[in-house]
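Today I opened the model and went through its helix packing. Here are my notes, in the order I looked things up.

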Amino acid sequence: MRIEFWRNAVEDIYQDNPPQQPVAIELWKAVRRQNLTKRWLMNIIDQREKNLDDRAYRDISELETYAENTQSALLYLTLETLGVRNIHADHAASHIGKAQGIVTCLRATPYHASRRKVFLPMDICMLHGVSQEDFIRNNEAKKIKDIVYDIASQAHVHLEHARSFKKNVPAKAFPAFLCTVAVADYLHKIQKADFNIFHPSLHQKSTLLPLHLYIRSWKKTY
């Protein structure tokens, strides 16, 4: 019902008839002010609806598609609010969104495992001979680390690919990409933990994260 509400709300917003709901009204104002692309909003809603069946991703490609249509779509909208419409910025946003989506999936794994659910790509788990029950019981620790390494490596590839566009991305787009600080921080921490996704250090706050955000913001880089 919530999904259907927001699908109808977005349709009404683009017909200048927003529902009298605080978030919808503010979104309508943003659409009018920044001429936001309707497709990105609908992609987010459609992808969330597809994800309601609560199952593991079949492969890394399916996880990346989900991330592209949610995280990357939000970044495209953020770029538009900053007045940035640039193909290089869009390419960077696509890869950053995928990296962020993969990292979010990894970060949530201990929480989901504690509730007897695993959403990591099934093809990679099968490749290493690990079942969902192994994750839930934290068995096969070495094989689980290998799975996490493979998935984290894919996030790192996307992050580095996004940074390869840096010289061609307008400086005013950089605030949209400050989320890379948190993504890179998690990837660094999980590497230090030898890709043990259940390591206690991964559940601690990063006290230096605000400082790193400030430095990146000051340097206008991501």
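At what angle do H4 and H5 pack, and how far apart are their axes? I found an angle of about 125° and axes 7 Å apart. Axes here are lines fitted to C-alpha atoms, for helices over the stretch in contact, and angles run from 0 to 180 degrees between N-to-C directions. That makes H4 oblique to H5 (under 35 degrees is roughly parallel, over 145 roughly antiparallel, 65 to 115 roughly perpendicular, and the rest oblique). Their crossing is right-handed; the near helix is then turned clockwise from the far one by less than a right angle, and anticlockwise for a left-handed crossing.

Before going on, I noted the ground rules. This is a predicted model, where local features need pLDDT of at least 70 and side-chain atom pairs count only at pLDDT 80 or more, while totals for chains, interfaces and linings use all residues. Residues are numbered from 1 along each chain as its sequence is written, and side-chain values use heavy atoms, with hydrogens and water left out.

Next I listed who touches whom, with contact meaning heavy atoms within 4.5 Å. From H4, the contacting residues include Ile60, Leu63, Ala67, Leu75 and Leu79; on the H5 side, Ala89, Ala93, Ile96, Gly97 and Gly101 are among them. By class, this contact has eleven nonpolar, seven polar and four charged residues (Ala, Val, Leu, Ile, Met, Phe, Trp, Tyr, Cys and Pro are nonpolar, Asp, Glu, Lys and Arg charged, and the others, Gly among them, polar).

I then turned to H5 (residues 87–114) and H9 (residues 179–192), which pack at about 45° with axes 10 Å apart. H5 and H9 are therefore oblique to each other, and H5 passes H9 in a left-handed crossing. Ile96, Ala99, Gln100, Val103, Leu106 and Arg107 in H5 meet Cys179, Thr180, Val183, Tyr186 and Leu187 in H9. I count by class eight nonpolar, two polar and one charged residues there.

Last, I stepped back to the whole chain. It has ten helices and zero strands (DSSP runs, H or I of at least four residues for helices, E of at least two for strands, numbered from the N terminus). The C-alpha trace spans about 55 × 45 × 30 Å along its principal axes.

How far can I trust it? The average pLDDT is 94, and 100% of the residues score at least 70; pLDDT is the predictor's confidence in each residue, from 0 to 100. Confidence is lowest in H7 (residues 132–137), at a mean of 87, and highest in H4 (residues 60–81), at 97.
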